[in-house]
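Colleague: Could you walk me through this one, please? I'd like to start with one position and then look at the whole chain.

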Amino acid sequence: MNTNIVVAIDGYSSCGKSTLAKALSKKLHFIYVDSGAMYRAVALYFLRNNVDMTDHEQIAQALQNIHLNFHSRDYQTHIILNGEEVSEEIRLMPVSEKVAAVASLHQVRVEMVKQQQRMGKSSNIVMDGRDIGTAVFPHAQVKIFMTADPKIRAERRFKELAPKNPDLTLEEIFESLAHRDYQDTTRAESPLIRADDAIILDNTELTPDEQLQFVLDKVLPFVEQTK
Ligand code: CDP
Ligand code: CDP
């Protein structure tokens, strides 16, 4: 039986999942996998190569041609698409606007979930996304479902993106997040829903340190058991 610990973090866009996941992995020396970055990199490939999302053969061919890797440097995760670092480009608006549609495709999900499950086979791991506690690791020891006030989420994302994107408005970000949340929660395949055994974490009024402490309290008993 596997004794590695899996922490599954799901939730709406921009509510602090990756901030929490990175901090946890740093503290506990668990591997961190940003599953959203994988879907974003696939969406970037689809955009660049004009993949027709109604054509199953084109999608299958594209998935065969996509090779994703993660590199960790200075506690930052870098995603590599076919040998090219795309960590910054996948955060830009064209990818953000496309990714939910790409992630709703059955063929894409089957391939990503397979790769994600492989990564969690033998190491302690923290993975964040939308279906980690429901589809990827339904037996994860700790499942967190994150949420926060939509206005606060948009403000947090705006603070991040505005310095490099002077034309971007807070309203645009708010609309884009709301639209993506709608797509993610209503899609047929693995929609974003809380697993029955997931702990809800509303971090509207929590600092990153406070949210980390909240989750560490849930994970540490499992770490103790493995000692
Ligand atoms: O960082 P943000 O919350 O904006 O999103 P993300 O985690 O980078 O994920 C980007 C998109 O990928 C999501 O809006 C979902 O459409 C999709 N995704 C998914 O379907 N399943 C996952 N496990 C992770 C992301
Ligand atoms: O991964 P996800 O899209 O859910 O969100 P994130 O990228 O971790 O967080 C979005 C922004 O919210 C980042 O700039 C975080 O620093 C910030 N944040 C915050 O201000 N307070 C928190 N409790 C959590 C995140």
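This is a predicted model: local features need pLDDT of at least 70, side-chain atom pairs count only at pLDDT 80 or more; totals for chains, interfaces and linings use all residues.

Colleague: Okay, and where does Thr 77 lie?

Modeller: Thr 77 belongs to strand β4, which covers residues 76-81.

Colleague: Which residues is it in contact with, if we skip the neighbours within four places in sequence?

Modeller: Once those neighbours are set aside, Thr 77 is in contact with Tyr 32, Asp 34, Phe 70 and Ser 72. Take Tyr 32 as an example: Tyr 32 and Thr 77 are 45 residues apart along the chain, and yet their C-alpha atoms are separated by 8.0 Å.

Colleague: What about contacts like that in the chain as a whole?

Modeller: If we take the contacts between residues at least 6 apart in sequence, 74% of them join residues at least 24 apart.

Colleague: How many helices and strands are there?

Modeller: The chain has nine helices and eight strands, and its C-alpha trace spans about 50 × 40 × 35 Å along the principal axes.

Colleague: Which residues of the largest nonpolar core touch the most other members?

Modeller: That core has 31 residues, and those touching the most other members are Val 7, Ala 8, Ile 9, Leu 24, Val 126 and Ile 144. Several elements supply at least two residues each, including β1 (6-11), α1 (17-28) and α9 (208-225). Apart from this core lies another one, of 21 residues, among them Met 38, Ile 79, Val 99 and Val 102.

Colleague: Changing topic, what surrounds ligand 1?

Modeller: There are 15 residues around ligand 1, and the closest are Ser 13, Gly 36, Tyr 39, Ala 103 and Gly 129. By type, the shell divides into five nonpolar, five polar and five charged residues.

Colleague: And which helix gives the largest share of that shell?

Modeller: That is α2, which supplies four residues, while α2 (35-48), α4 (93-103) and α8 (170-186) each supply at least two.

Conventions
Residues are numbered from 1 along each chain as its sequence is written. Chains are lettered from A and ligands numbered from 1 in the order in which they are written. A residue is near a molecule or strand if its C-beta atom, placed from the backbone, lies within 6 Å of it. Ala, Val, Leu, Ile, Met, Phe, Trp, Tyr, Cys and Pro count as nonpolar, Asp, Glu, Lys and Arg as charged, and the others, Gly among them, as polar. Two residues are in contact if their C-beta atoms, placed from the backbone, lie within 7 Å. A nonpolar core is a set of buried Ala, Val, Leu, Ile, Met, Phe, Trp, Tyr and Cys residues joined through C-beta atoms within 7 Å. A residue is buried if 20 or more other C-beta atoms lie within 10 Å of its own, exposed if 12 or fewer, and partly exposed in between; C-beta atoms are placed from the backbone.
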